[in-house]
Amino acid sequence: MAFTDRISLLRKQMEKWDVAAFFTSPDANWQYLAGLSRLGGGPTKTRQHGIDFACLVVTQTNVTAFIPE
């Protein structure tokens, strides 16, 4: 299934449940929905840049990945 189809299905569920936004950390959901590689679990250099603050936010109009430097 294409990423755009996955986002569309999520948006339909969000509308059904009256949810304004879906938020996920950089885990399997992140990779499944947007095709972005999972973050974390890597070497110290990766952790130094605050992956704790990385997230994916899906709304009815946007998909935004917040990825620290």
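This briefing covers the fold, the sheet, and selected residues of a predicted model. The protein has three helices and three strands, and from the N terminus on these elements run α-β-α-α-β-β. The strands form an open sheet in the order β1-β2-β3, with antiparallel pairing. Helix α1 lies across β1, β2 and β3.

**Overall composition**

- Of the 69 residues in the protein, 22% are buried.
- Among contacts with a separation of 6 or more, 54% are between residues 24 or more positions apart.

**The sheet**

- The open sheet consists of three strands, ordered β1-β2-β3 and paired antiparallel. Strands β1 and β3 stand at the edges and have a single partner strand each, so one side of each is left without a neighbour in the sheet. On average, neighbouring strands of this sheet are turned by 15° against each other, direction ignored.
- Strand β1 (residues 22–24) and strand β2 (residues 55–58) run antiparallel and are joined by three bridges.
- Two of the positions facing each other across this pair are known by residue: F23 stands opposite V57 in β2, and T24 stands opposite L56 in β2.
- Strand β2 is also joined to strand β3 (residues 63–66), here by four bridges, and these two strands run antiparallel.
- Between β2 and β3 there are four residues, and the two strands form a hairpin.

**V58, a residue of strand β2**

- V58 lies in strand β2.
- V58 has a relative accessibility of 0% and therefore counts as buried, the cut-off for that class being under 20%.
- Leaving aside residues up to four places away in sequence, V58 touches I7, L10, R11, M14, A20, A21, F22 and V63.
- V58 and M14 are 44 residues apart in sequence, and their C-alpha atoms are 9.5 Å apart in space.

**Helix α1 and its residues**

- Helix α1 spans residues 3–17. The helix runs at about 65° to β2 and lies across β1, β2 and β3.
- F3 is located in helix α1. Its relative accessibility is 39%, so F3 counts as partly exposed.
- F3 touches Q31, Y32, L33, A34 and G35, when residues up to four places away in sequence are not counted.
- One of these residues, A34, is 31 residues from F3 in sequence, with a C-alpha to C-alpha distance of 5.9 Å in space.
- L9 is likewise placed in helix α1. L9 has a relative accessible area of 44% and is therefore partly exposed.

**Surface patch**

- M1, L9 and Y32 make a nonpolar surface patch of about 340 Å².
- The 44% relative accessible area of L9 is above the 30% that a patch residue must exceed.
- Y32, another residue of the patch, is among the residues touched by F3.

- D18 is placed in the loop between α1 and β1.
- The relative accessible area of D18 is 73%, so this residue is exposed, the class being set at over 50%.
- D18 has a positive phi of about 60°, although it is not a glycine.

Conventions: Residues numbered from 1 in each chain as written. Predicted model: local features only at pLDDT ≥ 70, side-chain atom pairs only at ≥ 80, totals over all residues. Heavy atoms only, no water. Patch = residues over 30% accessible without salt bridge, like charges linked within 9 Å, V, L, I, M, F, W, Y side chains within 5 Å. Areas by Shrake-Rupley, 256 points an atom, 1.4 Å probe, with all protein chains shown as cover. Salt bridge = Lys/Arg side-chain N within 4 Å of Asp/Glu carboxyl O. Buried < 20%, exposed > 50% of the residue type's maximum accessible area, 1.4 Å probe, protein only. Pairing = 2+ DSSP bridges. Contact = heavy atoms within 4.5 Å. Axes fitted to C-alpha atoms, helices over the stretch in contact; angles between N-to-C directions.
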